[in-house]
Amino acid sequence: ERWMRRSARYRPMMYAKLEKAGLPRDLVYLSMIESGYNAHAYSHAHAAGLWQFIPSTARLYKLRVDYWVDDRRDPAKSTDAALNFLGELNTIFDGDWRLAWASYNTGPGRVRRAIRRSGTSDFWKIQAGPYLASETDNYVPKIMAAAIIGHYPERYGFTDIAYESELAYDEVSVTEAVEIRVLAKSAGMTEEEFRYLNPALRRFATPTDGYTIRVKKGGGDAFEAAFAMVPKHERLTIVKHTVR
């Protein structure tokens with residue numbers, strides 16, 4: 001129920017990107033199984049975000065992961081990366097989404113080895129044998145089950161879900177390092193509200209090379225006007241020291 005409640009926050013954006021990419025809408029359920037639609041989800045394998053990228057794969061798909069920023073937690077950017085990855089996996093396995101999903105979980109190399117060892121490309125026959133880890137064996141049915149429940153929630157007792165509002169915002173470019181508290185105040189937001197819209201920001205300020213921030217929908221112009229009134233010397237008052 002919690003995951004379904006959160007789904008409305010991100011699904012309109014995901015559906016738009018899936019349609020543009022020509023991919024099935026039900027791929028949103030892979031994100032549900034990976035993270036429960038939690039942009040801050042973090043696993044024991046160091047995977048993060050809605051689509052649970054590990055750092056190496058994230059960088060391979062042009063996501064920034066460094067001291068200042070972790071784009072794996074950015075809903076829009078991580079969705080673009082995930083859809084590129086899933087599209088490639090689907091092509092590798094000739095349009096078999098079950099094998100593509102299994103590869104998303106365990107890697108295409110392991111799935112190829114499982115196909116060779118089992119002598120079949122039928123996922124269900126591979127799943128029935130000792131060819132993949134149990135986590136991967138269960139991963140594909142989980143996605144399918146989540147999709148079935150998502151399409152027919154009332155059939156499974158989900159009749160009164162209080163869906164969250166769609167994530168909506170304006171984007172504004174900041175060309176320097178600026179403290180989060182200053183940005184939040186200029187946007188008329190609390191720091192918590194600001195970080196909610198900008199989950200990829202990891203530190204007390206934006207990166208030194210600039211960053212495109214998100215503020216409340218319709219608040220872009222008001223932010224720019226308020227921020228222009230903040231003196232330069234007040235935009236960054238914290239200094240980072242290396243102790244030796």
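In this chain, residues 24 or more positions apart account for 62% of the contacts with a separation of 6 or more, where contact means heavy atoms within 4.5 Å. What you're looking at is a predicted model, so local features need pLDDT of at least 70, side-chain atom pairs count only at pLDDT 80 or more, and totals for chains, interfaces and linings use all residues. Residues are numbered from 1 along each chain as its sequence is written, and side-chain values use heavy atoms, with hydrogens and water left out.

Let's start with the overall layout. The chain has twelve helices and two strands; these are DSSP runs numbered from the N terminus, with helices being H or I of at least four residues and strands E of at least two. Read along the sequence, the pattern goes α-α-α-α-α-α-α-α-β-α-α-β-α-α. The C-alpha trace spans about 70 × 50 × 30 Å along its principal axes. Of the 244 residues, 46% count as buried, meaning under 20% relative accessible area, while exposed is over 50% and partly exposed is in between (1.4 Å probe, protein chains only).

Now for the inside. The largest nonpolar core has 68 residues; such a core is a set of buried Ala, Val, Leu, Ile, Met, Phe, Trp, Tyr and Cys residues joined through side-chain atoms within 4.5 Å. Among those with the most contacts inside this core are Trp51, Leu86, Trp101 and Tyr104. Leaving aside neighbours within four places in sequence, Leu86 touches Leu27, Leu30, Trp51, Trp97, Trp101 and Tyr104.

Just after H2, Gly36 takes a positive phi of about 65 degrees.

Here are two helix pairs side by side. Axes are lines fitted to C-alpha atoms, for helices over the stretch in contact, and angles run from 0 to 180 degrees between N-to-C directions.

| Helix pair | Angle | Axes |
|---|---|---|
| H5 (residues 97-106) and H8 (residues 134-151) | about 125 degrees | 9 Å apart |
| H1 and H4 | roughly 40 degrees | within 10 Å |

The angle between H5 and H8 makes H5 oblique to H8, because under 35 degrees counts as roughly parallel, over 145 as roughly antiparallel, 65 to 115 as roughly perpendicular and the rest as oblique. On the H5 side the contact includes Trp101 and Tyr104, and on the H8 side Tyr139 and Ile143. By class, this contact has seven nonpolar, three polar and two charged residues. Here Ala, Val, Leu, Ile, Met, Phe, Trp, Tyr, Cys and Pro count as nonpolar, Asp, Glu, Lys and Arg as charged, and the others, Gly among them, as polar.

The crossing of H1 and H4 is right-handed too. Tyr10 and Leu18 of H1 are among the residues making the contact, as are Pro75 and Leu83 of H4.

Most residues other than glycine have a negative phi. Gln52 has a positive phi of about 55 degrees although it is not a glycine, and so does Asp94, at about 55 degrees. Gln52 sits in the loop between H2 (28-35) and H3 (55-60) and is buried, with a relative accessible area of 13%. Asp94 lies in the loop between H4 (75-92) and H5 and is exposed, at 74%.

Definitions and conventions
A crossing is left-handed if the near helix is turned anticlockwise from the far one by less than a right angle, and right-handed if clockwise.
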